[in-house]
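Subject: Handover of a structure and notes on it

Dear colleague,

Please find the structure below.

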Amino acid sequence: MNKFFDLHKIIIVVVILCNLLIKPQYMIIIPILTIFSYSLIFAKTFKVRLIYSVLPVTAILVSTLYISGILGFIYYGTYLIYSIGISSLIYCLIIFNKSLINLAKLYLAEIFFLFLITIVFSFYTKDAVFHGWDEFSFWGNASKELLTNHIFEYQSLPTAILNAHAHYLRGPAVYHYFMLLLPGYSEGNALFAHFLLHLILITPLMANKFWYQTLFFVVVIFTVVMLYTTGLRTIYNDSTTGLIFSSIFAIYFLEEDKLKALYLVLPILIFL
């Protein structure tokens with residue numbers, strides 16, 4: 001009987017999500033849930049804390065899609081990752097629903113705070129537009145080009161728009177591709193997706209013993225990023241690079257098993 005009611009609750013949640021996803025702008029929840037699903041699998045497989053898994057998993061997904069882009073099938077690779085991720089999440093919800101509920105209770109304060117600032121920032125970026133020079137000269141164009149053509153353009157092709165920046169790496173564009181393939185490209189969506197990346201980068205801070213420690217560090221970091229960098233107003237990657245290094249140090253210092261910490265940061269270093 002209990003299993004029946006648990007399954008009934010899961011079905012209700014799935015139906016609600018399906019109703020939300022009718023609107024394209026809400027489709028960004030699919031890549032978010034995909035990252036969460038793979039993070040669960042990663043945490044259970046390698047016996048690490050879930051909060052340490054989110055960033056390495058994101059790094060692995062982006063690196064995998066980067067290789068897919070080089071080989072010319074990033075479009076199909078992304079949908080394959082979505083399909084496996086969502087299917088795995090449904091399986092986990094059915095099989096491990098009690099452990100997931102306990103996990104949610106453990107990090108309830110952190111989840112609520114991150115959810116709140118995500119909702120606030122989603123409204124902030126709803127109709128936002130780029131205003132930074134490099135967003136128009138490369139970063140925004142690179143993401144838009146990839147989302148439009150679904151390939152890494154050869155610079156000799158007449159459709160290539162980034163001849164002057166052929167030497168730039170496309171990692172941020174691949175991440176935007178993964179997040180925006182379903183909801184579609186817009187400058188506001190790109191800004192919101194980049195903000196989500198910054199949230200992912202600070203998830204290791206949730207390893208603190210008390211929720212108010214997490215709240216303090218998150219507020220301090222975002223205040224510094226907001227006041228002294230362009231990290232929350234543009235899709236520049238200067239502050240992103242700094243946050244990646246910060247997350248690497250956070251994982252290493254907060255994880256008691258230092259060898260395991262080194263394994264965790266290895267995919268992040270490759271992503272960097």
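In which helix is the place of T240? T240 is in helix α11, which covers residues 238–254. Helices here are DSSP runs of H or I with at least four residues, strands are runs of E with at least two, and both are numbered from the N terminus. T240 counts as buried because its relative accessibility is 4%; buried means under 20% relative accessible area, exposed over 50%, and partly exposed in between, with a 1.4 Å probe and protein chains only. Leaving aside neighbours within four places in sequence, T240 is in contact (heavy atoms within 4.5 Å) with H194, L197, H198 and L201.

Basis of the notes

This is a predicted model, in which local features need pLDDT of at least 70 and side-chain atom pairs count only at pLDDT 80 or more, while totals for chains, interfaces and linings use all residues. Residues are numbered from 1 along each chain as its sequence is written, and side-chain values use heavy atoms, with hydrogens and water left out.

Confidence

The pLDDT is the predictor's confidence in each residue, from 0 to 100. Its mean over the chain is 78, and 79% of the residues reach 70 or more. Confidence is highest in helix α8 (residues 171–180), at a mean of 90, and lowest in helix α1 (residues 2–20), at 53. Over residues 1–5 the pLDDT is below 50, and this stretch has zero contacts in the model beyond near neighbours in sequence.

Overall architecture

The chain has twelve helices and zero strands. Of its 272 residues, 45% count as buried. Among contacts with a separation of 6 or more, 70% are between residues 24 or more positions apart. G184 is in the loop between α8 and α9, and it counts as partly exposed because its relative accessibility is 23%.

Helix α8

How many of the ten residues of α8 are buried? Nine of them are, so that the helix is mostly covered. The buried residues are G171, A173, V174, Y175, H176, Y177, F178, M179 and L180. They pack against α2, α3, α4, α7 and α9 (187–201).

Second largest pocket

A pocket is found on a 1 Å grid over the protein atoms alone: it is an open set of points where a 1.4 Å probe fits, with protein on both sides within 12 Å along at least five of seven lines, and its lining residues have an atom within 4 Å of a point. Grid points are joined across faces, edges and corners, and the volume is the space filled by probe spheres set on the points. The second largest pocket holds about 420 Å³ of space. It is lined by 16 residues, and L169, G171, P172, F271 and L272 lie nearest its centre. Two or more lining residues come from each of α3 (50–71), α8, α11 and α12 (258–271). The lining has eleven nonpolar residues, five polar and no charged; Ala, Val, Leu, Ile, Met, Phe, Trp, Tyr, Cys and Pro count as nonpolar, Asp, Glu, Lys and Arg as charged, and the others, Gly among them, as polar.

Aromatic pairs

Rings of Phe, Tyr and Trp (its six-membered ring) pair if their centres lie within 6.5 Å; planes under 30 degrees apart count as stacked, over 60 as edge-to-face and the rest as tilted. By this rule there are nine aromatic pairs. Y75 and Y79 form an edge-to-face pair, 5.1 Å centre to centre with 65° between the planes. These two residues are about one helical turn apart because they are four residues apart in helix α4 (residues 74–95). Y75, Y76, Y79, Y82 and F178 form one aromatic cluster.

Backbone angles

Most residues other than glycine have a negative phi. K47 has a positive phi, near 55°, and lies in the loop between α2 (29–46) and α3. K47 is exposed, with a relative accessible area of 65%. H150 also has a positive phi, near 60°, and lies in the loop between α7 (133–149) and α8. At 24% relative accessibility, H150 counts as partly exposed.

Yours sincerely
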